[in-house]
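Welcome! Please have a look at it first, and then follow the points topic by topic.

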Amino acid sequence: MALLEVNDLKTHFFTREGVVQAVDGVSFTLEKGKTLGIVGESGCGKSVTALSIMGLIPKPPAKIVGGDVLFDGKDLTMMSEGQLQHVRGNEIAMIFQDPMTSLNPTLKIGTQITETILAHKDVSKQDARKRAVELLQEVGIPRAAERLDDYPHRFSGGMRQRVMIAIALSCSPRLLIADEPTTALDVTIQAQILDLLDELRQEHEMAMILITHDMGVVAETADDVIIMYAGQIVEKASGFELFDNPEHPYTEALLGALPQLEGEEHEIREGRLTAIPGRPPDLVNPPEACRFAARCPYSDSGDTCATVEPQLREIRPGHWVRTAHPASERSGERETVNA
Amino acid sequence: MAVDRREAAIPVAAPPTTTTEHAAGAAIRQSSLWQDAWRRYMQNKAAVASAIIFVIICLYCLLIPGFWKIPGIWTSLKDYDPNAVDFSASYAGFSLDHPFSTDKFGRDLFARVAVGGQISIAIGFAATFMILVIGVVYGSISGFLGGKVDNGMMRFLDALYGLPYLPFAIITTQILSPSGSVSVWTMVVALTIASWFTAARVVRGQVITLKENDYVRAAKAVGARWYRVLARHLLPNTLGILVIAIFLELPGVVLGEAFLSFIGLGINPPTASWGSIAQDGREAYRLHPEVLFIPCIAIATLVLCANFIADGLRDALDPRTRES
Amino acid sequence: MSSETASSNGALLKVDNLEKHFPIKRGILWERTVGAVKAVDGVTFEVAKGETLGLVGESGSGKSTTGYCILQLVKPTAGSINFMGKELMQLGREELRRMRREMQIVFQDPYASLDPRMTVGGIVAEPLEVHGIGTRRSRGETVRRLLDIVGFNPQFTNRYPHEFSGGQRQRIGVARALALNPKLIVCDEPVSALDVSIQAQILNLLKDLQRDFGLTYLFISHDLAVVRTMSDRIAVMNQGKLVEVGTAEQVFHEPRDEYTKALFAAVPVPDPHRQRERKAERARLRKESRAAAGGTAPA
């Protein structure tokens with residue numbers, strides 16, 4: 001049985017301007033010890049998906065209106081807040097993007113770590129402190145015992161993120177959700193943090209969901225990748241498979257839009273990046289059929305793309321795609337200019 | 001470095017559907033900042049109620065005294081002359097003739113409080129306006145120039161803060177009107193001088209924050225001279241703060257005037273202001289408390305409303321919720 | 001230092017030993033200067049006319065400060081900046097103001113770089129107004145033309161910035177930078193705050209504009225891949241110092257400096273096969289540096 005099973009999850013935001021269908025039918029599974037990368041641009045629903053799993057969506061405007069989230073067979077969407085609190089931090093932990101604001105500036109970091117431990121485990125304060133020192137050492141903070149009594153502002157961005165990871169690991173969770181954990185960090189620090197996460201994940205046999213907009217980060221860390229667009233999954237495959245054989249026009253466009261670090265000098269300087277025209281659709285009134293059609297170079301005008309909503313289908317074993325025009329079924333360069 | 005993904009992961013309001021697709025697309029939202037602020041203000045029930053009450057009070061003060069002179073409109077009601085002395089009616093109690101009772105001299109309080117309100121509110125707005133003008137000038141110079149000038153100006157301000165507010169105002173009134181009778185303008189000037197400090201500090205803070213914005217740098221990069229940067233970029237963006245400041249300064253000034261008049265060092269009878277009416281009522285308040293309490297209730301109501309309005313405005317204009 | 005009237009080899013911009021120190025002050029009543037943060041610490045480079053110099057570095061490297069120093073938005077502590085044959089540090093106020101027409105900037109944050117109280121048209125017209133160029137009507141036309149060039153619908157000159165998305169706002173910023181027909185544009189992280197697909201739009205736009213108008217760019221960014229795609233030559237900064245300068249080819253294929261190598265090894269590349277290799281490479285570099293330094297602390 002998979003560790004985490006998300007089935008047709010739908011999360012909507014009920015706002016004054018209408019109902020924003022932020023997550024609209026997302027399904028995936030995650031096995032123990034594996035890493036899943038969820039990639040997409042702003043507004044695609046990746047963060048909302050993660051927050052929905054944890055039950056952390058702001059309840060007044062947002063609501064899980066459909067689907068379920070099975071963690072170890074138990075449905076998280078059916079749990080009360082009290083039951084969820086037992087799960088959070090203990091079995092599923094989350095780390096966020098901005099280490100500057102995720103830590104409480106008025107509490108020593110030692111307190112913030114031990115507070116998590118004491119909330120879930122029945123240990124003494126001294127034992128919790130000892131564990132906290134161990135954790136700081138594990139995440140690579142030098143002079144851990146001394147630094148336990150420091151406040152967050154005495155740490156750099158990368159260090160703070162390490163502290164966050166320490167807090168997340170404190171109760172040995174089985175699943176770690178990392179929402180853009182390295183976006184706010186310098187690239188050398190980013191590499192360190194990603195390497196660290198990988199090491200720890202292997203040591204603790206943790207599964208990880210890594211949410212990011214950065215295809216490079218995903219290429220590095222993910223076993224399986226999901227590409228999200230406008231609240232839906234548009235492509236799902238293993239990491240190697242996705243990058244070697246992207247099927248969905250959006251995936252291709254995303255890869256084409258990336259500035260290349262490696263390649264022919266002349267091509268890079270003179271070449272143009274594949275720009276996707278237009279903007280993601282309005283999620284209050286999403287297009288009835290394919291949500292990417294308006295920006296897709298392969299969409300038919302007035303044909304299947306505008307009328308039939310493409311379903312997620314398995315185009316190859318383990319490789320799912322939601323489009324009427326996957327790369328392997330396109331014959332020749334048939335790019336149409338859309339209205 | 002923080003890469004700020006402003007197009008937030010959690011949608012707060014969805015943009016309307018775009019139908020035209022120019023290369024960069026159409027506008028995603030079609031409302032002005034003031035419309036957004038108006039809508040947010042309207043959601044704050046206390047603020048809306050306060051605004052209505054505030055307006056009612058102002059209308060009452062403006063209309064009641066002058067209105068009676070218009071023939072044919074209130075002919076069925078008596079002529080509420082605020083200065084008509086009629087000893088036979090002194091302390092007459094509440095009635096339809098005298099909705100707010102009468103004072104010692106039989107003067108109708110309904111009209112008198114209205115007239116007093118004119119003076120009190122006028123002093124309030126005039127002084128507030130002057131406070132803001134001085135505050136803006138001082139604060140924007142200090143904030144804009146920064147460095148040693150800013151330091152010096154703020155230390156001077158700190159020293160002034162040490163002066164006790166009311167004694168300072170009293171001394172100023174005595175200096176400005178040695179003859180002993182304090183005119184309205186003397187009050188305005190005295191109250192302004194005694195309370196411009198906070199406004200200056202607030203404006204300075206705002207200017208310093210705004211100075212760091214890239215659009216100010218952009219204006220400098222283009223070669224805009226300092227007065228253009230100040231007038232076109234910095235001051236217009238302090239407008240929000242200033243509007244809020246009006247309703248925060250007003251209570252202080254109105255209370256200041258009331259208190260000074262109450263203790264006899266401000267507006268003197270027979271000129272009516274809420275403070276001087278209260279002073280009149282001090283003598284007999286045990287037997288006829290209405291003469292004292294009614295102006296006090298008026299003051300309290302106005303002050304409370306101003307505070308709620310300021311609160312509502314601050315929420316409505318909060319830059320953090322302005323975007324997204 | 002005498003002001004050079006002509007640069008040696010036709011360089012449009014010559015920066016020599018540029019320094020910007022921010023004093024650290026202590027004390028409550030009397031402030032003493034106890035030290036300085038050397039944001040820019042002796043930077044020297046040249047930019048030829050029509051080329052793009054990519055200035056790359058992580059946060060705190062001083063790259064943005066360098067850009068501001070060149071534009072004299074921040075007063076450098078020392079050094080020389082020779083632009084179009086004139087020594088900027090020695091210009092009088094009016095002359096500097098005139099020189100500003102030739103050097104402009106595009107900012108990183110599309111939300112803070114446009115005055116929320118001005119209309120789009122007003123923002124783009126401001127440079128023209130400041131320098132008294134044209135009449136009101138002709139300025140309006142110029143503004144519409146500029147907006148069209150950057151791919152922004154010219155009908156929307158009466159709208160306000162907050163009505164538009166990040167990518168659209170950046171286009172407005174670019175239009176403003178072009179208004180005075182400058183020779184040099186400093187691009188300070190112009191796409192860092194944008195989504196990948198929009199980044200591509202803006203980068204393509206910048207490339208097109210350079211080609212069409214013969215612009216020279218100083219392109220500042222922390223994103224190596226972006227810098228690679230835009231630059232002819234590259235300068236790498238670390239903690240205020242320039243650690244490597246060369247053509248893009250040289251710097252990317254044969255980096256000489258240790259920091260540069262570590263930087264390149266750290267950038268994630270969207271290719272899982274390559275990434276496995278790069279990860280191994282990084283582990284190797286880490287072991288080497290640890291052995292060399294006798295144990296280093298992570299950042």
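In H8(B), the buried residues are Asp214(B), Tyr215(B), Val216(B), Arg217(B), Ala218(B), Ala219(B), Ala221(B) and Val222(B). That is eight of the nine residues of this helix, which spans residues 214-222 of chain B and is mostly covered. Please keep in mind as you read that this is a predicted model.

**Around helix H8 of chain B**

- What do the buried residues of H8(B) pack against? Within chain B they pack against helix H7 (197-211) and helix H9 (226-234).
- Chain C also takes part, with strand E6 (103-106), helix H3 (120-130) and helix H5 (166-178) packing against the buried residues of H8(B).

**Two helices of chain C**

- Is the crossing of H3(C) and H5(C) left-handed or right-handed? The crossing is right-handed.
- On the H3(C) side, the contact is made by Val120(C), Ile123(C), Val124(C) and Pro127(C). They meet Ile172(C), Ala175(C) and Arg176(C) in H5(C).
- By class, the residues of this contact are six nonpolar, no polar and one charged.

**The six-stranded sheet of chain C**

- Six strands of chain C form an open sheet with mixed pairing, in the order E6-E7-E8-E3-E9-E10.
- At the edges lie E6 and strand E10 (241-247) of chain C, each of which pairs on one side only.
- From one strand to the next, the twist averages 15 degrees.
- Strand E9 (residues 233-238) of chain C runs antiparallel to E10(C), and six bridges join the two. Here you can find Ala235(C) opposite Val245(C) in E10(C).
- H5(C) packs on this sheet, where it touches E6 and strand E7 (184-188) of chain C. The direction of H5(C) makes about 175 degrees with that of E6(C).

**The four-stranded sheet of chain C**

- Another open sheet in chain C is formed by four strands in the order E2-E1-E4-E5, with antiparallel pairing.
- Its edge strands are strand E2 (32-48) and strand E5 (86-87) of chain C, each pairing on one side only.
- Strand E1 (residues 11-26) and strand E4 (residues 78-83) of chain C pair in the antiparallel sense over five bridges. In this pair, Leu13(C) stands opposite Phe83(C) in E4(C).
- Helix H1 (residues 63-70) of chain C packs on the sheet and touches E1, E2 and E4 of chain C. The direction of H1(C) makes about 115 degrees with that of E1(C).

**A buried serine in a loop**

- Where is Ser61(C) found? Look in the loop between strand E3 (52-56) and H1 of chain C.
- Ser61(C) counts as buried because it has 26 C-beta neighbours inside 10 Å, and 20 or more are needed for that.
- Leaving aside its neighbours within four places in sequence, Ser61(C) is in contact with Met237(C), Asn238(C) and Gln239(C).
- Ser61(C) and Val40(C) are 21 residues apart in sequence, and their C-alpha atoms are 7.9 Å apart in space.

**A covered strand in chain A**

- Strand E8 (residues 207-212) of chain A is mostly covered, with six of its six residues buried.
- In a regular strand the side chains alternate between the two faces of the sheet.
- In E8(A), Ala207(A), Ile209(A) and Ile211(A) point one way, while Met208(A), Leu210(A) and Thr212(A) point the other way.
- E8(A) runs parallel to strand E3 (residues 35-39) of chain A, to which five bridges join it. Ile38(A) stands opposite Ile211(A) in E8(A).
- Five bridges also join E8(A) to strand E7 (residues 175-179) of chain A, and this pair runs parallel. Here Ile177(A) stands opposite Ile209(A).

**Where chain A touches chain C**

- How many residues of chain A are in contact with chain C? There are 41, and they meet 36 residues of chain C.
- Among the elements that give two or more residues to the chain A side are helix H8 (187-204) and helix H9 (215-221) of chain A.
- The largest share of that side, six residues, comes from H8(A).
- By class, the chain A side has 20 nonpolar, 12 polar and nine charged residues.

Definitions and conventions:
Residues numbered from 1 in each chain as written. Chains lettered and ligands numbered in written order. Predicted model: local features only at pLDDT ≥ 70, side-chain atom pairs only at ≥ 80, totals over all residues. Contact = placed C-beta atoms within 7 Å. Nonpolar A, V, L, I, M, F, W, Y, C, P; charged D, E, K, R; others polar. Buried ≥ 20, exposed ≤ 12 C-beta atoms within 10 Å, placed from the backbone. Pairing = 2+ DSSP bridges. Axes fitted to C-alpha atoms, helices over the stretch in contact; angles between N-to-C directions. Left-handed = near helix turned anticlockwise from the far one by under 90°.
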